[in-house]
Structures are given as structure tokens and as C-alpha cells.
Amino acid sequence: MDLNDVKYYINRELSWLQFDYRILEEARSKQTPLFERLKFLAISASNLDEFFMVRVASVEDKVLAGVNRKDISGLHPKDELKAILDESHNLVNLQCSTFQRSLVPALNAVKIRFVGIDELDKKQKAYVDDYYYQNVEAVLTPMAVDASRPFPLILNKTLNIAVLLDKQGEEAFATVQVPSVLNRYIALPQDEMGNRCFILLEDMIAAHLQELFDSYPILAYAPYRITRNAGFDLDEDDTENLLYEVEKKLKKRRTGEAIRLEVASNIDERLYRFLKDELDIRKNAVFYINGPLDLTFLFRFYGLDVDESLKFPAFSPMPSPMFDDRNIFAQIREKDLFVHLPYEQFDPVLDFVQSAAGDPDVLAIKQTLYRVSGHSPIIAALAKAADNGKQVTVLVEVKARFDEENNIIWAKKLEKAGCHVIYGLLGLKTHSKITLVVRKEEEGIKRYVHLGTGNYNDSTAKIYTDLGIFTCSDAIGEDASALFNMISGYSEPKHWNRLAIAPYWLRDKFYFLIDREIAHAKAGEPARIVAKMNSLIDKQMIAKLYEASQAGVEISLIVRGICGLRPGIAGLSENITVRSLVGQFLEHSRIYYFFNNGEEEMYLSSADWMPRNLDRRVEILFPVEAKDIQARVKEILEMQLKDTLRASIMHEDGTYSHVDLRGKERFDSQVYFVEQAKNACAKTPESSQAKIFTPMQNNEEE
Amino acid sequence: MAVTSFAAIVINTSGIAMRIYEMNKKSGIKQIDELMHAMQCGQEIYKEGRLSFDSAEEICAVVKEFQKKLLEYAVENLQLYISHSLTEAFNLDFLVTQIRIKTGLKAKVLNGSKEHYLTLQSIACKMSNFNELIQKGTLILDIGYGNLQVTQYDHAKLLGTHRYQLGVSRIREMMSRLDVKNSDYPRLIEEAVISDLREFKRHVLKDQKIENVIVIGGEMGVLNQQENVNVYQKEELQALRKELMAMNLDATKIQNKLLLPLLVIIGSFMEMTDATCVYAPDVHLCDGIVSEFAYKKFKIFSGHHFTEDRISAAIHLAKRFDCDMDHNLYVRNIANELFKTVSKPYGLNNKDQQVLELASILYDCGRYINHHNDDDLTYEIIKESEFINLSDLNRLLVANVLRYKDKPFPHVHELNEPLVSSDFYVILARVTALFRLADALDTCHLQKLEDVHATIKNKEFIVRATTHQEVNLETYAFNESSGLFQEVFGLKPVFKCKRRV
């Protein structure tokens, strides 16, 4: 059996679309609360936007550049582009029908209605007019296109209305951007039936369109939206100033080549032709949308105040029972500590950095930042630390896709505060999540390290499942220093104690761990691998897993998104199962477990099994060494493998289906962890419970 | 217990390294961080004999960056050394000045013996079985980028150190100057290395049994794994060498071109010894520097006394030149006695005593070559020899003490030693005067005197001894050689010997 045979691998982009289908499946499921369904639909729409901006753009670039190299599944770029566009059309059609046929009726059933301009009652009509003149009219800029005025720059992902005018007998084209500064939907007065009604902004503008072009009658109009190529390839070999180059490329992103055109399904043929020609877009990259364009507005709509039964039960992350009120460094000195996000609070991570910033014994803080939140308390703490005279080194990855602009702002702010800022590394993205605090203690220098699977982002920490460990192990501390030395431009260390670092050592470490299981299996010993990640598309890793399966290693993969491996093929992968979890929280942690003939080893990482993680990024794989944390990590894997409600099982052909519930317990691992966090918090000693002052009472009064 | 932090920075031909340590008396020395900035300035030094402007700039910039790193650990002590290998650059002094101006740090340039001492120090502190290994015949190969230094131990005594211009970069550089085909490259390296080492076997090693080989050097990092001390079996290294030689080495692959000379050198030594394996401790000069600092400051002992090594190596050298060791060691003891008496009032220090001791041990080694001009020959031999952790100036002192042991003591201008100071001249005069008296007391080479000791009384330096024999010649020689002493110390030497029946 040739492990390199392309028939054993699935195309990356088609697998991405499968993930979108799984999200859409949640939006279609009647088991999911209605507003969560809306959110899942928004997620699937947003994912598809990113898919076009990055992935489709990349494949299209290859086609245009005449690249003829096949992907792991044997597709040439041209065939790949056709396949993914075809599949995208199916997905978009399903998105539209999900909204129109399932969600709109379901909303109506709970007395929420999206109304068209023709459906307004008198009161509502007056409200719309009033709203339009007060809020909308002033921010509209109609733009005509003629010989002296070329087709204007239509920004990426903006919603626009194309207008065909009768200009004294001649057809003329104009366009109006639906202002993104305004809310996409507007709440209207209730109708006579007591329904909460909403109108979409583009419908409101359309109703007043003629007023914008008062001298020319409107022949036709239609909303449209374009998606542009957002990928940028930096020529880093010639880049002296990375920051400057990234800023330059960012400006270009807004005006990158158009990759997709979405138009209303009833668009006038003349408008369609005009847009297609002006944007120079291929025919099968035009998507006819039956219903509202750009369903990402449902993210915001989700925030509507509705009956709580329409959403998942509200949950706020709980305090972790491993932490108490004492100084965090004192706690880490006692034992390694662990945080399971978002079930547990992100606070210990903040506390770690904030305490370090104010601790007179702390000499230095070093951190890698990939994505941070809008008002990041981490950044504030780092700036404060520098202000307090600590040596602060921060690697801010200015090439973090879609966070480039944000990260440049943070980087400049940190630099201004006196931090030593590294704007990423030439040729590599730094994706690792690590913080090192160097403290001078009585016994000498002590290093405290936080290692995580997710970003230092207090906002996403409430919705992404991630794991993190705090330790003051000398071995890991030395490795952490060595890593920051490397990042700062010094030579690699002679060896690593515990950490495995990409791009130079991580792949080999994984091979070693898998090979060891293979050797156990071949020796007739039990062998097992459980790996949880976001994506599995690295061909060599997949081949290694096939090899392990053939040797008899039992392999359970929990892959949220892209998976290029085909499980369950006799003689190749019958010992491999793949499941994907899509739930209330975004599965984001990377966990790698190896049975090792009973001497179990488990690792956490920032890396997926993708070529980019293993070969082109700085990533960290770190071991879980403390027995109590090992038990928790193992439990996480066990519960996710037991999940019957949020899990989809991958089939040999690359499709997925929900777990057949017949004869099985209905089990949602995310709900289990929510309950676990709540229970653990309830059992936590008083010291970490909510603080309540107890007034002294005069006993005599009683 | 308070912890002291220390950083050592070493600039050598392959780059700049800094190691940061902590220490206290209770827990010893602990390395806490390490930084390495790779540079290939060896190539320009070996080729052009100078350090380029760009390299000097780069070195200063990196040292400056390293200084920032010190703040991260609040490091209290720092020493910056420039390796001896850079002394081949004629403009090295300019670099030292630039470093001082740009970083405020004073860089010390290591001489060969000091560097060698620090290297051995680093091995002793990393290898817990060092003292045990050197009980048997042991060779330590320090395979640098420019030079190969071979150190020989036996019965826990240092026998000597020999330097060859066979560093891996130098060999590569030499090969690059020849119009060598890739396929000829391995063979030519073997020829170049083996011819030099054949001489080592014939003149130095002779029939001495060598059971242990310790190898260190920058390129060993390519082979070494995660161990503190890596151990390679002879066959393992032979196989690797054969594999490399069989490859049609790509001239652009620097790694191959450095690894092959390394393996050829190791292999050649393995073949001339009985060693079955090679020990390769993961050491750096910085480890030796911190060991020295820790010993000086806190008496934290690294496990081996290198001062004794210097004496044992000098004795071995004297024996090679067939010196009268009974006389030399006897004079050494008398000289030490005399030194004790004058050291305190005249401010003589340990280093001055070391000079006196070495001069006593090496007395007359030039006579092995020629009786006629033996003092000058002794001078030359000492000047060209290396004594562990002995500065160039002190070696020059030893050589001059013996050069002027009989000749009239010269005027400072007649010394013909460039760059010596008036301090040097005064020390030379004092040590020579002491040596002359000590030597005179065994002028017949019969070790007649016992219980030699000295006192200072009024304006006299009284040397007392007992003997069973007549000491007329000794008394005559003592009086003949007392002039310089009187002039230098302002004391009149008086010899009082009690005859015992």
C-alpha cells in the first residue's frame, strides 16, 4: 500500500468547507436554541468570507501564476479552484435556505420579523422615513460611473447597492455603499400583531434611492458585495523594516483583487454584467443570494434581548479551584497550576502578568503576543512593568492574519512605554503562547513560565477552549529563556530540556513520539495516540499516522476543522477515528497524548499538524508533567471522545455525520465542563469565593 | 545564603558567547542563561591577518546587546575576554579600544596559557571524574578554529601542552587556498593533519600509554548531544569519519568542511593511543572563567588544583631537557625559604614566588642543547614554552631570571624586551637576586645544606644553615652573588653555616 497515493488524502480547501457545513448543521439543527442557530449561521458566513479572502485567493493566485503542482489529494490548482467554487455555491445556497426557510419562520414563530419596505404599516413607514433622514441620508455617498468617473474603489466585504439609471435615454451605472458605521438592522415599532419588527439598512436605503438620483429615473438596483484577496506575501528577504512592509501591504489589502461577487438573486442582467466586467470576476465566482447578503450581521442580532430559552444557558467563566488569593508566584512555587478556558477564568493569566509588573523582585518579563483583545489588560500590564523599570521584551506578531493592524498599534504602544518590542521574525510567524517572568529570590534567579494553547486575549478566552500551565520548573524556565534568546536573534541552544520548538525540532519530536507507539505496537504492547487539534493537513504527519495505524496503534483524533486524513480504510487507517466537535465554545486547544506502554505522556501545544505550524512558525510543544494536571488533561480527552451531542464523526469519503444516538448516552462534553467548573467553584474554600463583609453585631440587641 | 551573579563574555573567532551564572558557597555554581552570537571572523583573520571594520562593529554591537541582557538578571559581576585566537589579528588592540569606547567595558585579551588554564578549569568543573581520569595517561585535545592544543596528563600530573596550527577553520581556509577538487579534499586533510601529529608521537608521546582522550572545541557542538559529558566509542567515530570521507563533499557546505578535519584529528589521536572512547564534555571558556572567579571570591573549588599542574609541567619540561633535578628542586626549596623572609617587607606576591619557583625548576635546561651559550638557550626555551595560567610577562620574567643568573645584571635598556615596564625591571632584579643566592647555596650540586632559613636583622639578610660537609665553595659563591641582592633589597647578605659532626 503506497502511503503517498493521493487517493488517501483529502483536499485542504474542501475539508475547510466541510467544517463550514458542520457549523451550518448546528444552525439547521432544531436541537439548538434559535438565537444560537442564528449565531452559527453568522459564523459559517464569516468563515466563508475568510475562506475566500485567504484560501480561494491563494488558489486563484496559483492558477494565475500558472503553478501546476498538485495538492496532497492530487488536484491541480485549476481543478481545485473549480471544485471549491462549486462546493461553495452549494454551501451558500444552503446558508440562504437555512435563513429563509428555517430561521425566518422560526423567528416569526417567536414574534420576531424582518420586514421589507412593502410590508411596513403606516407607523413603521413614518419611523423608517424619520430614521433615514436623521441618521442615514447624511452618510450616503452615491457615486456615478461614466467616462470621466471610473468605477470607484469598492472596499472589501462592504455592502453596496448597484443602481442602473436612465440618463437622458442612456443607461448609466451608479453605486452607493451601505454605511458600515450604521447598524445593519433597525428595530421598528411593533406591528399590530405585537411582532418585534426589523428592517435591513439596505432595504431602507433602497426605499429612498430615487431621492439620491433625483434627476435620473432608476431602471434597476440590487445590493452587491465583493470579497477581495487578503493574503499578502511579504518578500521578507528584501525586507529591512518588517513593520513598514506590513503596514504597506495592509493598505493594499483593502483594495486587493476581487475574488467573489455576491449579488441579490433577482439582480438585473445589465447590472450583473456591468459589475462582473468592472470587477473582472470569473463567472463561477459570482454568487446569487436569495435573501439578505452578508449574514454576519446576525452576530450582532444575537445580542438582542430575548427570552433566555432562545439561547444557550448563560455562563460566565468560573474561578479556577487551583488558585487562591495568595501571591501567584508563591502558589506556582508550591506546584504547577492549570487553567481550562473558557470554563475557568482567564484571571490567573492576567494576575500573572499584572503581579509581575508590580512585583519589586521581578527583573524581567518576556511574552509572545499573537492576537490580543481591543483593550488588552495584558498590554497595559506590560507597559506598566516597563514603567516600573522591569526589562520587558515582547514579540508582537505583526503578521498575524487579520490582526496585523491591531498588533502594529499595540507594538508601537509598547515600544513607547519602554518595552523591547520584536515585530516578528523574518520568514516565520511566531504563534507560540508563552510568558516568562524572571524573579530574583533569596535562593537566586527563579523563572516562572506560563505556556498556553491559546492567545493572550481576555475576550476570546471567554469563548475559546484552551489550556494553560503555570510552572517554575528549572528545566522549562531554561528552555523559555533559550527560546526568547533565539527569538531575540541569538543562536539556538545546544539542546532543549522539555520544550519542542517549531520550525526546527517539533516535527521530529512528533515523529519520535509516534514512532515509539509504533514500536510498542509492533512489540505486541498496547499502543495508543489521542490527538486533539484544529487542523490536520500535513501530509507527512498523516502518512506517519497511517503507518502507526498499520502497525496496530489505536489512534483517536479530535480535529475541529480541516482534516486531510481518511479514517477507517481497511489496511491503512482502520485503527484511526476522527471526530470534530462544534459547540457553544470554539474548540481551540491542542492536546497530544501517547500511551507509551503505560508510562503515559501528554503534551499541549500552540501547533496544529499543518505544514505552516510545523515548518513555518515558531510553535511550542510542552509536556504536562504534574500528575494532577495530567489527570485533568486526560479527562478532557476522554470526555470529548465520549461526546455524542456536539461531535461529528468523519467518514472515509471526507464527509461527517452526527453520532448515531441509538443506544448511547446523550452527552455534551462542553456542558459537562461547564458543570464541572461550577461544581468545583462551589467546593472552593472560602478564601476564593466572593468577598462579603460581615458586620459585627451587638449581641445584646438580639 | 546570599547569591552572587556573574557573567562571562568571550569573543572568539567563531562568535561571541555569554554565559550567566549564580553562585554561593553552599550550592556552588549554576548556569542560568547562555547567549551565542555566531560570527565567522576567523576566516578574515587567518586569511588577511586583520579584523575587518564590519566585524569590529558587529562585535561591539553584540556586546552592547549582551549588556542589556545583564539587566534581566541584575548581574553584579562581569568579565569580558577576547580569545587568544584573535591575537593573530594585528589590529586587535583597536578592537579593545572600540569596545571600551562603545560599551564602557574593558576587554582582556587572553594569552595562550591563561586561555588554556581556563579551558582546563572548565573541563574540571564539568567532568566529575576528571581527577580520576588523569591518574592514567590522558590527552586533552582542544580543537579550536585556529589551533589544536594538546595537553598531556599522567599520574594526575600535567606533563605539558603543545600547540599546533591545526584548527578546523584554518584547515578549511588552507584547503580553500589550494585548488582542491572536492574528491581530493578528505585525503589532503588527512595528509596535513597526520604529518604534524606524527611528530607529536615521536617527540612528545613516545611510548607513554594513553588510556583516555578528552576532546573539546567549538565544532564538537555539532556532534554533541544533550549530555553534560558525551562519550563516543572509537568505532563510532571511525564510521562517521569514513562516511564523511566517502561523501563527495560539497565545497559550499561549511559544516562538512569543519566536521571532517575535526574527525580526522580525533581519529589520528585515537590511532596513536590505547583509548577506546572519547569523552566530550559540553564546556565553554566561560565555565572556566566563572570557576576562577568563584574560587577567588568565595573559595568555591572546581575540583582540581591547576597551580600544581604548572609546577608538574615545568618539572616534566626540565626532565625532557635532562636538567639536574636534584639540584633544581633543592634550589627551589631554598629559594622559597629566602623568598618568605623578604616577601612581606618588600611587597613581593604569589606571582613573584611562582616566577622564582619556575626559574629554579627550569634552571639550565638550555645546557641540553649547548654548554657554551646555555643561559640564552634556556631563555629561548622558556620563552617558547607554555605554562598553564602563567602570563606572558611572568614567563618573560622566568626566562630573564635564568638568562641573567650569571651574566652582569643589565640596565633596563639593555634588556631588549619590548613593552616591559619599570615594574617588570624591579621584579626581575628582585627575583634574580633571590635566585642567585639560592643557586649559590648549592653551587656544587651536592645539596650539602640543611635547615636553610633567613632573617633580616638591622641591615643584614642573614641566611643560616647546618651541614655535615665543608661549604667553602658555597660560601664563596654566596658572597660572589650577593652584590645584586644588596643593591636591590638594600640588605647585606650574610651566610652563617653551622657545621655538625
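**Figure 1. Pro342(A) is found in the loop that runs between strand 10 (337-341) and helix 11 (347-358) of chain A.** This legend, like those that follow, describes a predicted model. The peptide bond that joins Leu341(A) to Pro342(A) is cis, and its omega angle is about -5°. In general, most peptide bonds are trans. Both Leu341(A) and Pro342(A) are among the residues touched by Thr465(A), the subject of the next view.

**Figure 2. Thr465(A) lies in strand 17 (residues 464-471) of chain A.** Thr465(A) has a relative accessibility of 2% and therefore counts as buried, since the cut-off for a buried residue is under 20%.

**Figure 3. A cis peptide bond runs from Ala502(A) to Pro503(A).** The omega angle of this bond is near 10°. Pro503(A) is placed in the loop between strand 18 (500-502) and helix 15 (506-522) of chain A.

Figure 4. Is Val56(A) buried or exposed? Its relative accessible area is 1%, so Val56(A) is buried. Apart from neighbours within four places in sequence, the residues in contact with Val56(A) are Phe51(A), Leu81(A), Ile84(A), Leu85(A) and Ile259(A). The view also includes Glu80(A), which is 24 residues from Val56(A) along the chain. The C-alpha atoms of Val56(A) and Glu80(A) are separated by 9.4 Å.

**Figure 5. Asp294(A) has a positive phi although it is not a glycine.** The phi angle of Asp294(A) is about 55°. For comparison, most residues other than glycine have a negative phi. Asp294(A) sits in the loop between strand 9 (286-289) and helix 9 (297-301) of chain A. With a relative accessible area of 13%, Asp294(A) is buried, because a value under 20% meets the cut-off.

**Figure 6. Asn458(B) is another residue with a positive phi that is not a glycine.** The phi angle of Asn458(B) is about 50°. Asn458(B) belongs to the loop between strand 12 (449-457) and strand 13 (460-467) of chain B. The relative accessible area of Asn458(B) is 73%, and this residue is therefore exposed, as the cut-off for exposed residues is over 50%.

**Figure 7. Helix 6 (residues 168-177) and helix 7 (residues 185-205) of chain B pack with their axes 11 Å apart.** The angle between helix 6 and helix 7 of chain B is about 120°, and the two helices are therefore oblique to each other. Helix 6 of chain B passes helix 7 of chain B in a right-handed crossing. Helix 6 of chain B contributes Ile171(B), Arg172(B), Met174(B) and Met175(B) to the contact, while helix 7 of chain B contributes Tyr185(B), Leu188(B), Ile189(B), Ala192(B) and Val193(B).

Key:
Residues numbered from 1 in each chain as written. Chains lettered and ligands numbered in written order. Predicted model: local features only at pLDDT ≥ 70, side-chain atom pairs only at ≥ 80, totals over all residues. Heavy atoms only, no water. Buried < 20%, exposed > 50% of the residue type's maximum accessible area, 1.4 Å probe, protein only. Contact = heavy atoms within 4.5 Å. Axes fitted to C-alpha atoms, helices over the stretch in contact; angles between N-to-C directions. Helix = DSSP H or I, 4+ residues; strand = E, 2+ residues; numbered from the N terminus. Parallel < 35°, antiparallel > 145°, perpendicular 65-115°, else oblique. Left-handed = near helix turned anticlockwise from the far one by under 90°.
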